Every structure is written in structure tokens, then in C-alpha cells.
Amino acid sequence: MVAQRGRRNGPAPAPRRASEVSEVSAAGAASDALIEPVGDGGAGAGAPAASGTVRAIPEAAVARLAVYLRVLSAMAEQGATTVSSEELSAAAGVNSAKLRKDLSYIGSYGTRGVGYEVQVLIGQIERTLGLTRKHKVAVVGIGNLGHALANYGGFPGRGFPVEALFDIDPDLIGVPVGGVPVSHLDEIPEVCAERDISIGVIATPPTAAQSVCDRLVAGGVQCILNFAPVVLQVPEHIEVRKVDLAVELQILSFHVARRTAGEAEGRARDSNADGTKDVVVS
Ligand SMILES: NC(=O)c1ccc[n+]([C@@H]2O[C@H](COP(=O)([O-])OP(=O)(O)OC[C@H]3O[C@@H](n4cnc5c(N)ncnc54)[C@H](O)[C@@H]3O)[C@@H](O)[C@H]2O)c1
């Protein structure tokens, strides 16, 4: 899907769609859906292939690009100027063939015997992920989760400064959390437009999530990160990602169950009917 710039203060354009399309989970990361990279307001984002054309990138590869970026940034901080695909793949926990394939989507092929120039690769990935500009974030629902998100110091350095907080609890209004005062829910459209917020994070109870989402859209946000366990209806031009840690736990559970079943099957295969066990020498 092609993300588009949002309109400020305009009515939410029809048609709306259910947002249950992208989930921030291992399952989502394994998706082969193609994402058409787009520019970020003229800053030259996208994934230009060697030919200069913009290539679609599988969603799973987009998720891995973000991981490579984090690893490369740490390497750059330690003074690395070049990195081999083997080093980068080991540090990112991805096999090197997959890494080379992922980087080929952004037109980066490295140099035989040298590898990749760290700063060049960082720039290419940042342009592809649209990170050449900051994306200001608003968090709505400053309870347990909202407090943790607002207080987390790691977002600004990655290009996502938290610049607005909203709640309905009178005890919270005006109170700074992570240095940003909490505003009332009703102020969402006005404050988001004023502060040029592009990403809204929903950390309210599920019953409030849709109306919060509508206000964020009215305030001109382009993307919503939804922690509430509910499917949001959004206009076509709004990108939504849903975070569900329970899904992550269920995926872990699946892997443990599969491994346990595999081990039990292996034990059953290795045991003879008379109770003795064969020793396999390889
Ligand atoms: N996705 C995940 O992995 C995950 C993990 C934890 C929690 N959650 C979800 O995140 C949400 C928040 O969880 P929590 O533990 O922080 O809850 P919480 O009860 O501690 O906080 C909710 C906050 O939302 C505020 N609120 C309620 N209605 C509102 C409205 N209409 N507008 C603005 N603010 C409003 C409340 O005043 C409160 O401060 C819940 O929906 C929960 O299910 C998701």
C-alpha cells in the first residue's frame, strides 16, 4: 500500500477501512506483503534500485532493515567505517544470504572483499525508511503503558520525539510526564495540528480507542500505533500498526510446543520396543 501525506484539519475522507492489516509481531514480520516505499516530503526517501527506479520491498525485509539500522548505528558509534555482510548478519541475527537480498532491495550490494560502507548504508536505509525527517509522536492514554512510553528516552534519538500526551483523567491534565505536560483528550485535533504530530500512539482502554483514533485523524496524524485490543476503522490514507505482546507470547508458546513435540517424537523414535536405546554415531 502506498502511504500518503495526511490532510490537516480536514474531514476524514471516506472510505474507511478496518485497520487489521499490519501487526507488530513476529507473525507480521514474517509477512511477504510488498510495501511500496514512498518519498518523505521531497527528502528523497524510497528504495531506489541501482537502475534508479523505486522497488517494492517485502514487509518482512522492511522490519529487518530497521534492525540493520540499529546495529549499524551502534557500529558507527564504535568507529566502524566498513562492515562485511557476515559481520552485519551475525550482529543482526539474520543469515547473510537474507541480509544481502534485503540490502539489494535498496540498491546496496557492497564491495567484494570490503563489504559495506557503514555511513553510506545507514543513509540508504534511513532514506528507505523515511527517517530523514523526524516524526513527532503523540501518546494518548497516560496510564501504565502510556507512562512507560512517555518516559522512555530511546525514541527521540531514533527520530521519534514524543511531543504531546493526552488523557481524560483530571488528575493527569497539566502534569508533565517525561517532560511533556498531559493535555485533555478534547485538545487532540488542535494540539496535534499545531505541533505537527505525525504518529499517534493509542494506549487507552479498548472502548475509547476508536474515538481517540478519529480525533488523531482529525488532527492530521498519518500513522497510528495501536496498543488497544480493538480493530480500528481508518480512512484509506492512514497507516495503522497494532502491537499485541500477547501474540508474541503465543508465538513463543507455539515454538516451545513444537520443539517439545519434536523432542518427544525423537525420543520415541530412538527407543526400541525392548526399552533399550540405539546410539546414533554420525
Ligand atoms: N498491546 C499490548 O501488548 C498491550 C500491553 C499492555 C496493555 N495494552 C493495552 O493498552 C491499553 C492501556 O493499558 P494500561 O495498562 O496502560 O491501562 P491503564 O488503565 O493503566 O491506562 C489507561 C489510560 O487511558 C486513559 N483513558 C481512558 N479513556 C480515555 C479516553 N477516552 N481518552 C484518553 N485517555 C483515556 C485513562 O485515564 C488511563 O490513564 C489497554 O487497552 C491495554 O489493553 C496492550
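What share of the contacts in the chain with a separation of 6 or more comes from residues 24 or more positions apart? The share is 62%, where two residues are in contact if their C-beta atoms, placed from the backbone, lie within 7 Å. The model is predicted: local features need pLDDT of at least 70, side-chain atom pairs count only at pLDDT 80 or more, and totals for chains, interfaces and linings use all residues. Residues are numbered from 1 along each chain as its sequence is written.

The chain holds 10 helices and 14 strands. These are DSSP runs numbered from the N terminus, with helices (H or I) of at least four residues and strands (E) of at least two. Of the 282 residues, 28% count as buried. A residue is buried if 20 or more other C-beta atoms, placed from the backbone, lie within 10 Å of its own; it is exposed if 12 or fewer do, and partly exposed in between.

An unreviewed UniProt entry lists residues 131-231 as "domain: CoA-binding". UniProt positions follow the numbering used here, feature names are shortened, and annotations may be inferred rather than shown by experiment. The span is 32% helix and 25% strand. Its end C-alpha atoms lie 27 Å apart.

The largest nonpolar core has 32 residues. Such a core is a set of buried Ala, Val, Leu, Ile, Met, Phe, Trp, Tyr and Cys residues joined through C-beta atoms within 7 Å. Residues with the most contacts inside this core are Ala138, Val139, Val140, Val201, Ile202, Cys213 and Ile224. At least two core residues come from each of strand 7, helix 6, strand 8, helix 8, strand 11 and helix 9. Helix 9 gives the largest share, five residues. Another core, of 17 residues, lies apart from it and includes Tyr68, Leu72, Ile106 and Leu121. Leaving out residues up to four places away in sequence, Val201 touches Val137, Ala138, Val139, Val140, Leu149 and Leu225.

The unreviewed UniProt entry lists Gly141, Ile142, Gly143, Asn144, Leu145 and Gly146 under "binding site". Gly143 sits in the loop between strand 7 (137-140) and helix 6. It counts as partly exposed because it has 13 C-beta neighbours inside 10 Å. Leu145 belongs to helix 6. With 17 such neighbours inside 10 Å, Leu145 is also partly exposed. Leu145 touches Ala203 and Phe227, residues up to four places away in sequence not counted.

Strand 12 (residues 223-226) runs parallel to strand 14, joined by four bridges; strands pair if DSSP finds at least two bridges between them. Asn226 has Lys242 as its bridge partner in strand 14. Val240 and Lys242 form the covered face of strand 14 (residues 239-243), while Glu239, Arg241 and Val243 form the uncovered one.
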